[in-house]
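Hello,

Please have a look at it first, and then read on.

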Amino acid sequence: MIDFLYTNLDELSGYLFDANKRIYWGYLLSSLMLAVPAFIWGAAKSTSQRSVIGFLKYVFPRNIYFSSSARHDYYLFLINNLLKAAFFPFIVLTMAPIALGVSDAIERIFGTIEHLTWSASTIMFTFTFLLFIFDDLTRFLLHLALHKIPFLWEFHKVHHSAKVLTPMTIYRSHPVESYLYACRMALTQGFVVGFCYYLFGPTLKMVDIVGANLFVFAFNFMGSNLRHSHIWLSWGDKFENWLISPAQHQVHHSDNPMWFDVNLGSALAVWDRLAGTLVKASTVKNLSIGIGGKYAQHSNLFGIYCSPFVQVFVMIRNKVYQKNIKTKVNKNNSHLY
């Protein structure tokens with residue numbers, strides 16, 4: 001047990017140095033740099049406020065980073081990673097068998113073909129682009145399902161129950177939701193790898209920057225950590241037709257129910273445009289964070305982990321009860337026909 005805890009705590013410390021993680025030091029630094037103009041042009045109301053101390057107080061306000069909601073984010077980051085290390089290796093889908101299955105299925109349907117003889121750089125770029133596009137699309141589709149399917153919303157509600165936003169809020173999720181996203185990633189990567197294996201052969205390489213997909217790195221470098229923060233950064237109406245800005249994602253976290261199901265995309269805004277769920281940051285004023293009066297059940301760790309299961313059980317019980325009542329009514333009225 002001690003070895004398990006030591007290994008996983010050591011792995012968590014590596015998040016700061018892994019470009020595939022949102023809290024990689026380079027992404028945190030770039031977000032800090034992007035906060036500078038937001039501070040100068042928006043938060044600092046006078047020249048005297050524009051100091052290093054003033055900036056640090058603006059970026060790291062105590063009432064946010066030491067709030068009970070933020071502390072829950074930190075606890076969930078630790079606990080969920082321990083749960084993932086303990087259970088996910090046994091139950092989560094893996095990419096390799098999916099990729100082989102996809103490649104074999106395509107070959108059975110369309111037959112064997114000569115691999116495309118594109119240049120190595122073109123194949124690398126195409127493979128990298130497809131990984132990014134399909135990953136972003138499936139993230140959007142799963143996120144949409146988490147909002148629209150009532151029993152899934154109970155688990156996703158944990159993420160939206162945050163009353164303040166910090167970069168660690170990205171890790172504020174219920175283990176059931178984390179499991180769904182892990183399976184989604186395996187399915188998506190498996191499909192793309194299998195498809196590209198069929199077209200280009202086994203020598204597939206990704207264009208990366210310090211180990212992260214080129215496009216993912218660019219998205220994260222452009223202030224991804226400000227999405228979960230109090231710092232309002234909009235790309236402007238034109239760019240927000242194509243890319244989800246940090247401010248747009250903050251709108252998604254609004255405690256106003258009319259904004260619960262908008263701006264569901266991760267990086268690209270095109271999916272929201274197609275679904276009719278895109279909202280520009282410029283159209284929203286007086287933003288506050290959370291899920292309104294419904295956050296009470298997530299006010300402690302026990303509620304965060306257990307209340308979704310309780311709510312789902314209540315839903316199922318009510319549906320069964322309503323079905324039984326309907327069946328009895330139909331039987332009682334059957335003599336009329």
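Which residue just after H10 takes a positive phi? Gly 223 does, with a phi of about 80°. Please keep in mind as you browse that this is a predicted model.

Let's stay with helix H10, which covers residues 214–221. Its buried residues are Phe 217, Phe 219 and Asn 220. They sit on the same side of H10, because the arc they cover around the axis is only 165°. At the N-terminal end, H10 is capped by Asn 213. There, a side-chain oxygen of Asn 213 lies 2.8 Å from the backbone nitrogen of Phe 215.

Now for two residues with a backbone angle worth a look. Most residues other than glycine have a negative phi. Val 210 is not a glycine, yet its phi is positive, at about 45°. You will find Val 210 in the loop between strand E1 (208–209) and strand E2 (212–213).

Asn 263 is also a residue other than glycine with a positive phi, in this case near 50°. Its place is the loop between helix H11 (246–252) and helix H12 (270–275).

Are these two buried or exposed? Val 210 has 53% relative accessibility, and exposed means over 50%, so Val 210 counts as exposed. Asn 263 has 0% relative accessibility, and buried means under 20%, so Asn 263 counts as buried.

Enjoy exploring, and write back with any questions.

Best wishes

Key. Residues are numbered from 1 along each chain as its sequence is written. This is a predicted model: local features need pLDDT of at least 70, side-chain atom pairs count only at pLDDT 80 or more; totals for chains, interfaces and linings use all residues. Side-chain values use heavy atoms; hydrogens and water are left out. Helices (H or I, at least four residues) and strands (E, at least two) are DSSP runs, numbered from the N terminus. Buried means under 20% relative accessible area, exposed over 50%, partly exposed in between (1.4 Å probe, protein chains only). The arc is that of the directions from the helix axis to the C-beta atoms. A polar contact is a pair of N or O atoms within 3.5 Å; within protein, one must be able to donate a hydrogen and the other to accept it, and residues adjacent in sequence count only if both atoms are side-chain atoms.
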